[in-house]
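Here are my notes on the model you sent. They are set out as numbered points.

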Amino acid sequence: MNFRTHTLDNGLEIVAECNEGAHSQGLGFFVKTGSRDESDELAGVSHFLEHMVFKGTPRRSADDVNREFDELGAHYNAFTSEESTVYYAAVLPEYQEPTVDLLADIMRPSLREDDFEMEKKVIVEEIQMYADQPPFGMDDKIKELHYGQHPLARSVLGTVETVENLSADQMRTYFEARYSPSNLFVAAAGKVDFDALVKQVEQRCADWPMQSTQRKIPAASSGSSFHCVHRETSAQQYVLQLLDAPASESEDRYAAKLLATMFGDDSGSRLYWEMVDPGLAESASMGHYEYLGAGMYFLWMSCEPTDALDNFQRLVEQETLAQTEGFTAEELRQAQSKVKARIVLGSERPRNRLFNVGGNWMQRGKYRTVADDIAAVENTTLDDIHRVLAACPLTGGTTVTIGPLADWPSVNS
Amino acid sequence: MSPVSQVQRREAHIHQLDNGMVLVGEPTDAVESAAFTLLVPSGYSTDPANRLGLSSLLCDMVLRGAGKRDSRALINDLEILGVERGESVGASQTSFSSATIASNLFDALSIYADIVRRPALPANQLDYGKLVCLQELRGSEDEPSQKLMIKLRERAYPSPWGRSSNGDEAGIQDSTTENVAEHFANCYRPNGTILGVAGKFEWPALVEQVESYFGSWQSTAPVEVDDSTTVNSQVHAQHESNQCHIGIAFPSVPYRDPDYLRAWAAVGVLSGGMSSRLFTEVREKRGLCYTVSATLQTQLERARVLCYAGTTAERAQETLDVTFDELVKLGGGVRADELNRLKARIKSGLIMQQESSSARSGSIARDWYHLGRVRTLEEIGALIDELTSDEVSSYLESHPPQDFTFATLGPAPLKLPQITG
């Protein structure tokens with residue numbers, strides 16, 4: 001395992017974890033842009049742009065792009081989050097150069113008007129699809145309620161209205177500002193020929209003009225409130241909760257992940273034994289998510305509407321109990337075993353390593369080996385957990401419930 | 001450029017226990033993990049007609065304590081071993097899958113031997129188990145695409161092969177401790193059980209351990225599948241949603257059929273990769289939906305191609321018509337360039353599968369079930385290399401997509417295509 005980096009004159013960085021023993025490689029362009037970088041009228045543009053990137057370049061039609069990825073036998077896709085847009089392909093090592101050629105080319109898309117209008121329809125379908133599924137848009141709603149005017153409150157998809165009102169020109173302007181070589185980088189993992197990679201990227205990206213980009217990372221001032229949204233046609237009642245947690249810059253993020261595992265992993269956690277094992281809830285879990293300048297615990301509970309009030313009570317009791325009495329050494333040991341095994345299993349595939357290498361570089365500008373991550377998990381003590389618990393309590397936060405319940409008595413009590 | 005990647009030669013080992021259980025293993029030093037897939041012959045097809053969902057309930061119950069461990073100790077010990085686990089109930093089997101660091105393989109296996117041989121099936125937790133199953137049933141009501149596919153399978157397969165593994169509310173509510181115990185006695189048996197293991201381990205040591213964990217398991221006669229019930233359901237299900245969900249199915253050939261790879265390749269041309277026909281025609285050219293796909297789902301003796309598309313109500317009719325049109329057109333054959341792209345994807349997929357112990361343990365266990373042997377990745381690679389577009393086209397000529405089954409779910413019914421001929 002060998003970590004290499006190189007920076008082109010225009011600021012574009014190339015980072016790779018080279019592993020001679022791998023059979024395949026993961027290769028990706030990581031762009032530091034997402035919904036947090038949008039304005040009200042551009043809501044959804046990062047994600048829409050991610051779709052448009054596959055719609056062709058001066059050298060390739062949309063059909064060519066799809067066809068060529070398939071010809072390379074690539075397992076490829078892209079995703080957009082609050083703060084990143086990632087384009088990646090897992091391929092056999094002999095296809096490194098054509099994969100670089102294709103990915104680099106689509107990073108300079110044509111953004112043609114007719115493709116733009118056609119793809120808009122697909123985006124609207126995607127928004128409608130999610131609107132029909134649990135939690136029926138409440139994942140966006142809860143961020144808005146919790147973060148208020150903070151950029152993290154912004155929806156990744158945007159709304160049907162904002163997407164329909166977007167123009168191709170607005171997207172072009174956004175693209176120019178955000179897809180600058182200093183605001184994106186190339187990451188690779190697996191069986192990578194790094195020296196060749198540098199040349200291949202240089203040949204194709206060296207003439208991309210430099211642009212300075214900025215991202216606002218204001219302090220998050222979060223709220224604490226409860227909202228009940230009535231949705232008569234749902235079968236189940238859903239409860240979502242958002243709590244502040246260590247951010248991606250924080251060394252406490254490992255403790256936060258272990259804490260979330262002990263409290264709300266989908267198996268063997270406190271919420272599991274309290275609500276899932278006895279069949280009181282369909283699911284009850286908590287995960288830790290990290291962003292620049294803010295982190296969150298995200299809780300999810302779904303159950304029969306008639307049990308929702310009692311279950312919410314149980315949830316609050318568990319939170320209070322954890323907050324006042326903390327966790328045990330045995331719970332920590334179990335969570336550590338579980339998380340370490342996940343790291344080892346997850347590291348076997350180059351495409352998974354790509355996301356780890358790229359994610360670390362994106363968020364912290366650092367490289368971490370599998371051994372570093374394992375050591376960080378092993379070295380977390382119960383004191384660390386309790387310190388994080390004190391700094392970011394499990395009590396309070398923002399809660400949203402949606403389902404057949406028309407009102408929620410405890411709100412007023 | 002690097003030399004052309006080849007699938008590594010990895011040998012699959014087979015060991016049959018005297019009680020009929022089969023162990024298949026594919027050891028490799030290339031990974032640090034080991035994974036297994038344990039297939040036990042308790043599938044939804046074995047559920048009594050008035051106890052639909054019993055296999056799922058039993059699958060929940062066997063994890064509520066086994067051997068010397070109670071419910072909590074069982075889950076905790078698996079987690080301390082770092083086991084990433086999963087369970088699912090299929091048509092003919094319940095699948096228990098587990099992956100962990102290689103050094104914990106045998107300890108994990110010994111716990112699973114308890115789970116499938118000596119579960120506590122605690123009477124005082126039966127209500128919990130039932131509630132878990134009922135929650136699952138209710139939850140699927142809120143997932144329109146999942147609901148549609150359950151309906152499509154139910155309509156496309158002869159009973160009991162198209163059932164939902166979730167069963168139904170009455171079947172779960174009516175299940176008693178005796179039903180659960182009886183189903184366990186009938187279906188959790190070594191004859192018909194397959195254990196697939198892949199990753200870092202020594203084969204002789206594995207055989208020895210498996211003999212000690214499972215060797216004394218007593219075989220029993222297989223249960224007769226009750227196919228006396230028929231399911232009648234309407235094409236359209238009313239659902240208050242923004243999108244309309246469309247399902248189309250047609251018969252295909254199962255995995256063990258000599259034509260399987262051709263049938264599979266034909267579906268790949270239809271729906272593998274973004275240059276596939278459905279993606280191109282339905283999404284790229286017309287922007288009709290975000291999701292459109294077709295998969296070949298195989299059981300031991302029958303298979304169906306299941307297509308799905310989800311789109312807003314006002315565009316649903318066009319989506320159905322365009323999708324259906326592509327299925328009919330597939331009967332006209334595939335082009336060499338389409339097949340070559342698919343072959344490239346399959347080949348890289350095979351090579352990448354070497355990088356995952358979990359994927360391999362499942363594949364080799366299922367291979368044994370369907371074929372009574374294990375195909376190495378090298379062998380599959382060679383079969384794919386040999387495949388030609390002429391072969392796929394001639395398969396399609398003799399097996400054109402036909403005998404379609406439809407299902408729709410959404411705010412309004414659609415007009416089904418007129419099928420001629």
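1. Which residue takes a positive phi in the hairpin of β1(B) and β2(B)? That residue is B:G20, with phi near 105°, in a hairpin that has five residues between the strands. Strands β1 (residues 13-16) and β2 (residues 22-27) of chain B run antiparallel and are joined by four bridges; B:H13 has B:G25 as its bridge partner in β2(B). Helices (H or I, at least four residues) and strands (E, at least two) are DSSP runs, numbered from the N terminus, and two strands pair if DSSP finds at least two bridges between them.

2. On the source: this is a predicted model, in which local features need pLDDT of at least 70, side-chain atom pairs count only at pLDDT 80 or more, and totals for chains, interfaces and linings use all residues. Residues are numbered from 1 along each chain as its sequence is written, while chains are lettered from A and ligands numbered from 1 in the order in which they are written.

3. Chain A has an open sheet of six strands with mixed pairing, in the order β1-β2-β6-β3-β5-β4. β1 (2-7) and β4 (75-80) of chain A are at the edges with a single partner strand each, so one side of each has no neighbour in the sheet.

4. The contact between the chains takes 57 residues from chain A and 58 residues from chain B (two residues are in contact if their C-beta atoms, placed from the backbone, lie within 7 Å). On the chain B side, α4(B) gives the largest share, 10 residues. That side has 22 polar, 19 nonpolar and 17 charged residues (Ala, Val, Leu, Ile, Met, Phe, Trp, Tyr, Cys and Pro count as nonpolar, Asp, Glu, Lys and Arg as charged, and the others, Gly among them, as polar).

5. B:M61 sits in helix α1 (residues 54-62) of chain B. B:M61 counts as buried because it has 28 C-beta neighbours inside 10 Å (buried means 20 or more other C-beta atoms within 10 Å of its own, exposed 12 or fewer, and partly exposed in between, with C-beta atoms placed from the backbone). Not counting residues up to four places away in sequence, B:M61 touches B:P119, B:L121, B:G129 and B:V180. The C-alpha atoms of B:M61 and B:K130 are separated by 9.0 Å, although the two are 69 residues apart along the chain.
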